Amino acid sequence: MYRLHKREMFKKLVAMTAVGSSVLLMACGNGGTADQTSATTSASESGTTAENATAVDGDVNLTFMIWDGIQQDGMQQMVDKFEEENPNIHVEIQLTPWDQYWTKLDAAATGGDLPDVFWMHPEHVYTYARGGMLMNVSEKLGNSSLNMENYPANVVEGFTVDGNVYAVPKDYSTFALAYNKDIFDAAGVAYPDDTWDWNTLKDAAEKLTDKSKNIYGLAVQYNTNDAAYHYIWQNEGDIINADGTKSMWDDPNTIEAVDYLVDFIEKGYSPTMEDFANTTSDQYFESGNVAMKVAGSWMTTEYDAVDGLNYDVAPLAKGKVRADLCGGMGYSAAANSAHPEEAFELLEFLGGEEANIIQCESGAAISAYTGTQQSWVDNHSNINAQAFIDAASYGKSSEYCESRSKWVDIENDYMTQVFSLQLPVEEGCKQLAEEMNAVLAE
């Protein structure tokens, strides 16, 4: 009866968040091409239950669900090491592409058939935790080797619901200014460095823009990865107040930051939102049609594979303060796992120093465990990869608060209009704040 109650509550929570959760704020390894993911997806269809995870000869079988084919090899290396140290536990990795992952996981949760361990995103942790689907990690820390102080505080915060942690931090992603060195050289513009501010950035974008060659100075579109949040925080603005009760979109600093960004589009230094509907900002950058773009740390592997792309990265230009969007993924375990002790043992290992070193050495993600990031930097020695690591020190989490699902689509609608030049900046920001506050007051 209790389990049925939890499933019914989860169904309601999923229904409430289904639309809002479609907006991904930290892509952080949502990659893998369709070919990569379809070619490597496990034949197993869903999670584990007491029936399909029965121990054989004292052994235990666990399932581990992930969404990124690029990271699968690294995850398998970690699992192999875990199995070596725990020969009675066998772990099957199940790869489900990002565009199917949450649909499949929601269905598994509703049916009481979750994998034993699976990747968790801060955008979804409230729904799963409040729905009673996730193992409470905090309750097990007393006798565990896990210590949440070994991870960036903002990443841990992203998986904390009602004072309890429901996922062990896996990795974190930050952002830097990626730039095409060939375009800079041709225009005679000095490469970006940590002295750049907003004025330097806009001056460079103007000089680098060459319409005769279809080259833009900076890719600016509305989404939290490419614009918006970084710059709002750099200007000492915000999205929502500290206790989550009031919108900050009508704050003068927030409006000023949005106006700064929209000016790039108005002056023709950036492609338009209409342009981005046909060609992504990454495609513009990879094809040599954009000199600079805000790039997530996970994109380095893709950029490295582009023939002829001579690029590097620098810290984001400084506003009134330095700020960067920093968030991460986590490992969660099913609350109803048939093997909770073994599932938590896997969480402990995946969250430990040894596994995090393996993850970083694979080059696919920056491990969350403090002090294990050097191998990731070494794997990207062709660029200033340390800029991504340093950004964590002034990184802020995206607004993964409980109310986010109620207003994220309102935000997206208004900001899309503003960045499409269909709505004046100040008017759009104030209308957004008004509607957002109405939702928050409910």
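Predicted model: local features only at pLDDT ≥ 70, side-chain atom pairs only at ≥ 80, totals over all residues.
Trainee: What share of the 442 residues counts as buried?
Mentor: Begin with the make-up of the protein chain, which has 19 helices and 15 strands. Buried means under 20% relative accessible area. Of the 442 residues, the share that counts as buried is 58%.

Trainee: Among contacts between residues at least 6 apart in sequence, what percentage joins residues at least 24 apart?
Mentor: Take the contacts in the protein chain between residues at least 6 apart in sequence. Then keep those that join residues at least 24 apart. They make up 76%.

Trainee: Which residues of α19 make the contact with α10?
Mentor: The crossing of α10 past α19 is right-handed. From α10 come I255, V258, D259 and V262. From α19 come V425, E426, C429 and K430.

Trainee: How many charged residues does the contact of α10 with α19 have?
Mentor: Sort the contact of α10 with α19 by class: five residues are nonpolar and none is polar. The number of charged residues is three.

Trainee: Why do residues three or four places apart on a helix point the same way?
Mentor: Look at the turn of an α-helix. Residues three or four places apart point the same way because each turn has 3.6 residues.

Trainee: How are α3 and α14 set against each other?
Mentor: Helix α3 spans residues 72-85, and helix α14 spans residues 340-350. Their axes come within 11 Å and cross at roughly 120°. The pair is therefore oblique.

Trainee: Which residues of α14 touch α3?
Mentor: α3 passes α14 in a right-handed crossing. On α3 the contact uses M78, K81, F82 and E85. On α14 it uses E345, L346, F349 and L350.

Trainee: Is P122 buried or exposed?
Mentor: P122 lies in helix α5, residues 122-130. Its C-alpha atom is 9.1 Å from that of E157, 35 residues apart along the chain. The relative accessible area of P122 is 4%, under the 20% cut-off. So P122 is buried.

Trainee: Is D162 buried or exposed?
Mentor: D162 sits in the loop between β4 (160-161) and β5 (164-165). Phi of D162 is positive, near 55°, in a residue other than glycine. With a relative accessible area of 58%, D162 is exposed.

Trainee: What relative accessibility does L421 have?
Mentor: L421 is placed in the loop between α18 (404-419) and α19. Though not a glycine, L421 has a positive phi of about 65°. L421 counts as partly exposed, with a relative accessibility of 43%.

Trainee: What covers the buried residues of α15?
Mentor: Helix α15 runs over residues 353-362. Its buried residues are A355, N356, I358, Q359 and C360. Their cover includes α3, β7, β13, α14, β14 and α16.

Technical notes: Residues numbered from 1 in each chain as written. Heavy atoms only, no water. Left-handed = near helix turned anticlockwise from the far one by under 90°. Helix = DSSP H or I, 4+ residues; strand = E, 2+ residues; numbered from the N terminus. Contact = heavy atoms within 4.5 Å. Nonpolar A, V, L, I, M, F, W, Y, C, P; charged D, E, K, R; others polar. Buried < 20%, exposed > 50% of the residue type's maximum accessible area, 1.4 Å probe, protein only. Axes fitted to C-alpha atoms, helices over the stretch in contact; angles between N-to-C directions. Parallel < 35°, antiparallel > 145°, perpendicular 65-115°, else oblique.
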